[in-house]
Amino acid sequence: AASLRLGVAWASQAGHDGVAVFTCDQPRLSVAHARALVDAFRAGGGAAVASRYEGTLGVPAVFGRARYAELFALRGDQGARSLLRRDPAVIAIDWPDGAHDVDTPADLASLSTA
């Protein structure tokens, strides 16, 4: 959660209306999906926008200024997914490739054969 807090603090200080949250373990992320998230955020009036894969909401996601305090309050090995789960106003953008993440060498090997 430390990296989330740092990014949110920077976005808040810089006066940004939203903050995008991406992880480095989703190698199938495309520019097109990132743009879809940002476009939906801009069109949605500042609501949270999240990726939907394997029946869940997760990152990549974009959070509006109204969620900064909640993001800043996260601690430990806790990501933003808990915030997405409890917000019925989250705009979901389907992204099946989000289910492919790399946490182990075996995960990386399976991506190269998929």
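This report walks through the pocket, the nonpolar cores and a few charged residues of a predicted model.

## Ground rules

Numbering starts from 1 along each chain as its sequence is written, and side-chain values use heavy atoms, with hydrogens and water left out. Because this is a predicted model, local features need pLDDT of at least 70 and side-chain atom pairs count only at pLDDT 80 or more, while totals for chains, interfaces and linings use all residues.

## The largest pocket

The largest pocket has a volume of about 490 Å³. A pocket here is an open set of points on a 1 Å grid over the protein atoms alone, where a 1.4 Å probe fits, with protein on both sides within 12 Å along at least five of seven lines. Points are joined across faces, edges and corners, and the volume is the space filled by probe spheres set on them.

The lining of this pocket takes in 24 residues, and Leu4, Val21, Thr23, Val59 and Gly79 lie nearest its centre; a lining residue has an atom within 4 Å of a point. Helix H1 (2–14), strand S1 (18–21) and strand S3 (56–64) are the elements that give two or more residues to the lining, and H1 has the largest share, with 4 residues. Helices (H or I, at least four residues) and strands (E, at least two) are DSSP runs, numbered from the N terminus. Sorted by class, the lining has 10 nonpolar, 9 polar and 5 charged residues. In that count Ala, Val, Leu, Ile, Met, Phe, Trp, Tyr, Cys and Pro are nonpolar, Asp, Glu, Lys and Arg are charged, and the others, Gly among them, are polar.

## Nonpolar cores

The largest nonpolar core has 19 residues, and Val19, Phe63, Leu71 and Leu84 have the most contacts inside it. At least two residues of this core come from each of H1, S1, S3, helix H3 (68–72) and H4, with S3 giving the most, 4 residues. A second, separate core of 6 residues includes Leu37, Ala40, Phe41 and Val62. A core means a set of buried Ala, Val, Leu, Ile, Met, Phe, Trp, Tyr and Cys residues joined through side-chain atoms within 4.5 Å.

Not counting residues up to four places away in sequence, Phe63 touches a list of residues including Val19, Phe41, Leu71 and Leu84. Contact means heavy atoms within 4.5 Å.

## Arg67 and Asp87

Arg67 is in the loop between S3 and H3, and Asp87 is in the loop between helix H4 (81–85) and strand S4 (91–94). Arg67 counts as buried because its relative accessible area is 10%; Asp87 is buried too, at 18%. The cut-offs are under 20% for buried and over 50% for exposed, with partly exposed in between (1.4 Å probe, protein chains only).

The two side chains are joined by a polar contact of 2.5 Å. That term means a pair of N or O atoms within 3.5 Å; within protein, one must be able to donate a hydrogen and the other to accept it, and residues adjacent in sequence count only if both atoms are side-chain atoms. The Arg67 side chain also reaches the backbone oxygen of Leu83 at 3.3 Å, and that of Asp87 reaches the backbone nitrogen of Ala89 at 2.9 Å.

## Arg75

Arg75 lies in the loop between H3 and H4 and is partly exposed, at 47% relative accessible area. Its side chain reaches the backbone oxygen of Phe72 at 2.9 Å. Arg75 and Ala1 are 74 residues apart in sequence and 5.2 Å apart in space, C-alpha to C-alpha.
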